[in-house]
Amino acid sequence: MSLGKLLPLNTGAAIPQIGLGTWLSKPNEVENAVEIAVRNGYRHLDLAMIYRNQDEVGRALKKVIPSVVSREQLFITSKLWNSSHQPQVAEAELDETLQQLGLTYLDLYLIHWPAAFVPGNGLLPLKSEGEVDLDTETSLVDTWKAMIELRDTGKVKAIGVSNFTIAQIEGIIDATGVVPAANQIEAHPLLPQDDLVAYCKEKGIHITAYSPLGNNLVDIPMLTENAIVQEVANNLGATPAQVLVAWGAHRGYSVIPKSVQESRIISNFKQVELSKEDYEKVSSIGVGNANLRYNIPVTYKPKWDINIFDEEIEKSAAKQVRIA
């Protein structure tokens, strides 16, 4: 079992440190994964409209609420997709998410990306073959104001962001005075993002780490295959995945490893704790390789022609994020 640790949000609520991620899960896998996870102690589920599997999650929730847990015992996060950044359509997408899940509220609702798409043509509207149609009129501040209104309806308990940089967070706080409860980011030893982590800590913004093991989007080995991670795992009698989850937990994140295999879902939840020495050993794999980001939308198919993180590969993008 996990250590059962709860981490505070700036709203006064608490988020379970270990959750189940549902990104990159194939159709018909998630229903089973969520049921297995909840029956084995998970209380934090991370979802999103773009994952196209929230209806499956909803079916799983019907199997475990109230027989295994009450709704109040679960912490459920979902995310507003790019094609609903416009204030006039944001609530409709939230309502669709709640309908898919069979719920009356979310514990946390995030702006999934700091990039807006033109609404009304599906989740991935195309400008041309191989390129999404970006909305450069709707700003992050516009969308954040809509999120504040959604919070005020009671349909979401807390609001936050995902994949946001320091400048993007600063922009929405400066315009509204409302600090996000969380920033969900790609976070692992090859992408420590120390400046962003320090900024979020200073502002009281919780960090949730996605892709803590790396991912299969690009032709780079998963971090579970790294020799140092495997060495630390062997010394602790743990799996490499448990070590990588522990690395994020050591840094104060909540961590959402994704799996659909029962054995891995269960083992990922069995927390180990890293000593200072082991933490530093795992961190050392980022030295010289730091800022190796797996998830950059300019590399997607269809492509998002926008510079979000200012990575080298993004600098030729035609569009910049519109903050205000």
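Is Trp304 buried or exposed? With a relative accessibility of 1%, Trp304 counts as buried, where buried denotes under 20% relative accessible area, exposed over 50%, and partly exposed the range in between (1.4 Å probe, protein chains only). The model is predicted; local features require pLDDT of at least 70 and side-chain atom pairs pLDDT 80 or more, whereas totals for chains, interfaces and linings use all residues. Residues are numbered from 1 along each chain as its sequence is written, and side-chain values use heavy atoms, with hydrogens and water left out.

The structure contains 10 aromatic pairs, a pair being formed by rings of Phe, Tyr or Trp (its six-membered ring) with centres within 6.5 Å; planes under 30 degrees apart are classed as stacked, over 60 as edge-to-face and the rest as tilted. The pair of Trp247 and Tyr279 is stacked, because the ring centres lie 6.2 Å apart and the planes meet at 20 degrees. Trp247 belongs to helix H8 (residues 240–250) and Tyr279 to helix H10, so this pair ties together parts that are 32 residues apart in sequence. Helices (H or I, at least four residues) and strands (E, at least two) are DSSP runs numbered from the N terminus. Both Trp247 and Tyr279 are buried. Tyr300 and Trp304, by contrast, form an edge-to-face pair, with centres 5.2 Å apart and planes at 80 degrees. Tyr300 is partly exposed, at a relative accessible area of 22%. Ring pairs join Tyr300 and Trp304 with Trp81, Trp113, Phe117 and Phe309 in a cluster.

Phe309 is also among the contacts of Arg293 (heavy atoms within 4.5 Å), which include Glu186, Leu191, Gln193 and Glu311 when neighbours within four places in sequence are left aside. Arg293 is located in the loop between helix H10 (276–283) and strand E13 (306–307), and counts as buried at 13% relative accessibility. The Arg293 side chain makes polar contacts with the side chains of Glu311, at 2.8 Å, and Gln193, at 3.4 Å. A polar contact is a pair of N or O atoms within 3.5 Å; within protein, one must be able to donate a hydrogen and the other to accept it, and residues adjacent in sequence count only if both atoms are side-chain atoms.

Eight strands form an open sheet in the order E3-E4-E5-E6-E9-E10-E11-E12, with parallel pairing; pairing requires at least two DSSP bridges between two strands. Strand E3 (20–21) and strand E12 (254–255) are the edge strands, each pairing on one side only.
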